[in-house]
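This report describes parts of one protein model for a reader who has the sequence and the 3D structure at hand. Please keep both in view while reading.

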Amino acid sequence: MMEIEEVNNYESLPLLSLNHVSLLCRSVWDSMRFYEEVLGFIPIKRPSSFKFNGAWLYNYGIGIHLIENPLIDDFDTIIEPRPINPKDNHISFQCRDVEIVKGRLEDMGMKYVTAVVEDEGNTVDQVFFHDPDGYMIELCNCENIPILPLSACLFKPRMSSFGRAVFGPAKCGFVENAMMESLSMDMLDISF
């Protein structure tokens, strides 16, 4: 019998950060207004060599590139607005105050859905809503849950309350938590 051993001989690509997200839109004007007025993005210059309608916006260390395609419904079978589903594809932004976000969305007459994520005593409040083309946006206080690589919290067997061995992430120690907090702060410094 032949054993198959999976080996990754490649280094990951030399990435620095997320630069932008490109979105097809029915109307550049409507989408620009949304991303400016609702999310606080600022229009920036885009290359003059482009021969199609579009716009570039920037803020929070990330760009939004809008590409106008009035026939978007021909490619997307969803013509009716789809339900707001937190498990759908989405772009997420951290915010300072989820309650203020909800109040402002209500003032604008925008539909939204909320969710709460809890992990080891930490709570994240999430607000989900759609842009004019149905792309989902999440605003949250996600910084409440620490970013911990699985390699820092090795999967080790531990005994469940029923006396059986359970495999899952072990609690991280002080050193791992301190290291990840420092890494998170470094990542925040890079994005501003």
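## Sheet, core and one histidine

An open sheet of four strands has mixed pairing and runs in the order 1-4-3-2. Strands here are DSSP runs of E with at least two residues, helices are runs of H or I with at least four, and both are numbered from the N terminus. Two strands count as paired if DSSP finds at least two bridges between them. Strand 1 (20-25) and strand 2 (42-44) are at the edges with a single partner strand each, so one side of each has no neighbour in the sheet. From one strand to the next, the twist averages 30 degrees; the axes are lines fitted to C-alpha atoms, and angles run from 0 to 180 degrees between N-to-C directions.

The model is predicted: local features need pLDDT of at least 70 and side-chain atom pairs count only at pLDDT 80 or more, while totals for chains, interfaces and linings use all residues. Residues are numbered from 1 along each chain as its sequence is written, and side-chain values use heavy atoms, with hydrogens and water left out.

Strands of a sheet pair through backbone hydrogen bonds, either parallel or antiparallel. Strand 1 and strand 4 (residues 62-68) pair in the parallel sense, over six bridges. S22 stands opposite H65 in strand 4.

The largest nonpolar core has 25 residues, of which Y35, L39, L66 and F129 touch the most other members. Such a core is a set of buried Ala, Val, Leu, Ile, Met, Phe, Trp, Tyr and Cys residues joined through side-chain atoms within 4.5 Å. Buried means under 20% relative accessible area, exposed over 50%, and partly exposed in between (1.4 Å probe, protein chains only). Helix 1 gives the most to this core, four residues. Domain 1 (17-75) and domain 2 (82-155) each supply at least three residues to this core; the domain bounds come from an automatic or database domain assignment.

H90 lies in strand 5. H90 is partly exposed, with a relative accessible area of 35%. The C-alpha atoms of H90 and H130 are 9.1 Å apart, although 40 residues separate them along the chain.

| H90 group | Partner | Distance |
|---|---|---|
| H90 side chain | E138 side chain | 3.0 Å |

How values were computed
Polar contact = N/O pair within 3.5 Å; in protein donor to acceptor, adjacent residues only side chain to side chain.
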